[in-house]
Amino acid sequence: MKLIGAGLPRTATTTQLVALEMLGLPCYHMRDMMMDLEGSVPQWRKAFEGDADWDEIFEGKESTVDWPAAYHWRELMDVYPDAKVLLSVRSAESWVESMHNTIAQIWFGDSLMHHLAQAQYQIDPLYAGWLDVLYDMWSKRDMLVNTDGDPALMATQMEEWNQEVIDTVPAERLLVWNPKEGWDPLCDFLELPVPEQPLPHVNDT
């Protein structure tokens, strides 16, 4: 493992996934969890309970971004002491808006997405197990699921998360990066050449 993503979901994590793989760093992302819920949900449940097999989870990967791996950034720093840490950031206001348009609707609101998610939860044990792991992570962090969608509270929680990472990770091991800054800070940090192609912009809302 060469890079641990500590940024929250909805901080251009899909863009980071594509960018890191362009740089030759196969990346574990929420998509990997979702592609194999039968295998991944028990793995991440064990990780949440303190009994992770990280080498099994990250087999073939050299980087991570997005939930659920970002939830474990502190632990992963110790497991992979040579790995650097990437904190992807954006404005709190835009992050809250993005969360409201996507992930937050799973748990609250009166949207079609909310009602469909709750209906599937009742009839699909694998889907329910997936949401339960994610809910427990957010709940243990006192984030998102305890806000009922309050924008100011969500923004405060995001800023506290970012500050905790900044205060914890040694400066020489950390890059605080807004993808709007482009390739240069990321490639300098990883000591890799800048690709000829522009940094991808993957809006997966």
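Buried means under 20% relative accessible area. C187 has 1% relative accessibility, so this cysteine counts as buried. C27 is buried too, with a relative accessible area of 0%. The model is a predicted one.

## Disulfides

How many disulfides does a search of the whole structure find? The count is 0. A disulfide is a covalent bond between the sulfur atoms of two cysteines. The cut-off for the pair of sulfur atoms is 2.5 Å. For C27, the closest cysteine sulfur is that of C187, and it lies 14 Å away, which is too far for a bond. Seen from C187, the nearest cysteine sulfur is that of C27, and C187 is in no disulfide.

## Overall fold

The protein contains 10 helices and 5 strands. Its C-alpha atoms fill a box of roughly 50 × 35 × 30 Å along the principal axes. The radius of gyration is 17 Å. A compact globule of 205 residues would have a value near 17 Å, so the two agree.

Burial is counted across the chain as well: 51% of the 205 residues are buried. Take the contacts between residues at least 6 apart in sequence. Of these, 72% join residues at least 24 apart.

## Surface and charge

The accessible surface comes to about 10100 Å². Carbon and sulfur atoms account for 50% of that surface.

On charge, the protein carries 35 negative side chains and 13 positive ones. The centres of these two sets lie 2 Å apart.

How values were computed: Residues are numbered from 1 along each chain as its sequence is written. This is a predicted model: local features need pLDDT of at least 70, side-chain atom pairs count only at pLDDT 80 or more; totals for chains, interfaces and linings use all residues. Side-chain values use heavy atoms; hydrogens and water are left out. Buried means under 20% relative accessible area, exposed over 50%, partly exposed in between (1.4 Å probe, protein chains only). Helices (H or I, at least four residues) and strands (E, at least two) are DSSP runs, numbered from the N terminus. The radius of gyration is taken over C-alpha atoms; the globule rule is 2.2 Å times the number of residues to the power 0.38. Contact means heavy atoms within 4.5 Å. Accessible areas come from the Shrake-Rupley method with a 1.4 Å probe; for residues, only the protein chains shown count as cover. Lys and Arg count as positive and Asp and Glu as negative; His and the chain ends are not counted. The place of a charge is taken as NZ of Lys, CZ of Arg, CG of Asp or CD of Glu.
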